[in-house]
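Reader: I am new to this structure. Please take one part and look at it closely.

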Amino acid sequence: MILVNTDYISGKELEMLGMVKGSTIQSKNVGKDITQSFKTLVGGELTAYTEMMNEARALATKRMVDEAEKLGADAVVNIRYASAAVMQGAAEVMAYGTAVRFK
């Protein structure tokens with residue numbers, strides 16, 4: 001499966017199959033949440049949240065690809081990501097794009 005954030009793939013003629021998406025809502029456990037809140041006092045990267053968001057993006061991407069494969073897609077073009085805080089320490093990540101088949 002080819003994944004790109006452009007609306008084309010060089011040298012390929014594309015047949016649009018439709019929009020595909022994947023999403024997840026992730027949170028860290030209370031212990032990590034507390035340690036990360038202390039980190040905000042001194043500054044620096046909140047590594048537990050960075051890991052959480054990386055895991056969330058990977059899972060959302062996998063779910064988007066799974067949906068594209070069900071449509072018989074060869075690629076997903078024009079991929080975008082969106083995120084939103086759902087509650088303290090939890091975030092939703094969505095991956096979406098257009099599933100295409102090569103002509």
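Here is the request, followed by one connected answer.

Reader: Please look closely at α2. Which residues of α2 are buried, and which strands does α2 touch?

Author: First, the ground rules. This is a predicted model, where local features need pLDDT of at least 70, side-chain atom pairs count only at pLDDT 80 or more, and totals for chains, interfaces and linings use all residues. Residues are numbered from 1 along each chain as its sequence is written, and side-chain values use heavy atoms, with hydrogens and water left out.

Now α2 itself. It covers residues 47-70. Helices (H or I, at least four residues) and strands (E, at least two) are DSSP runs, numbered from the N terminus. α2 has 24 residues and spans 35 Å from first C-alpha to last. That is close to the expected 34 Å, which is 1.5 Å times one less than the number of residues. Just after α2, G72 has a positive phi of about 80°.

The buried residues (under 20% relative accessible area, with exposed over 50% and partly exposed in between; 1.4 Å probe, protein chains only) of α2 are A48, Y49, M52, M53, A56, A60, T61, M64, V65 and A68.

Next, the sheet. Its 4 strands run in the order β1-β3-β4-β2, open and with mixed pairing. Two strands pair if DSSP finds at least two bridges between them. β1 and β2 are at the edges with a single partner strand each, so one side of each has no neighbour in the sheet. α2 packs on this sheet and touches β1, β2, β3 and β4. Contact means heavy atoms within 4.5 Å. The direction of α2 makes about 145° with that of β2; axes are lines fitted to C-alpha atoms, for helices over the stretch in contact, and angles run from 0 to 180 degrees between N-to-C directions.

T24 lies in β2. T24 is buried, at 7% relative accessible area. Leaving out residues up to four places away in sequence, T24 touches A56, L59, A60 and R63, among others.

Then the core. A nonpolar core is a set of buried Ala, Val, Leu, Ile, Met, Phe, Trp, Tyr and Cys residues joined through side-chain atoms within 4.5 Å. The largest has 15 residues, and V20, M64, A68 and V76 touch the most other members. α2, β3 and β4 each give two or more residues to this core. α2 gives the most, with 7 residues. Beyond its neighbours within four places in sequence, V20 contacts M64, E67 and A68, among others.
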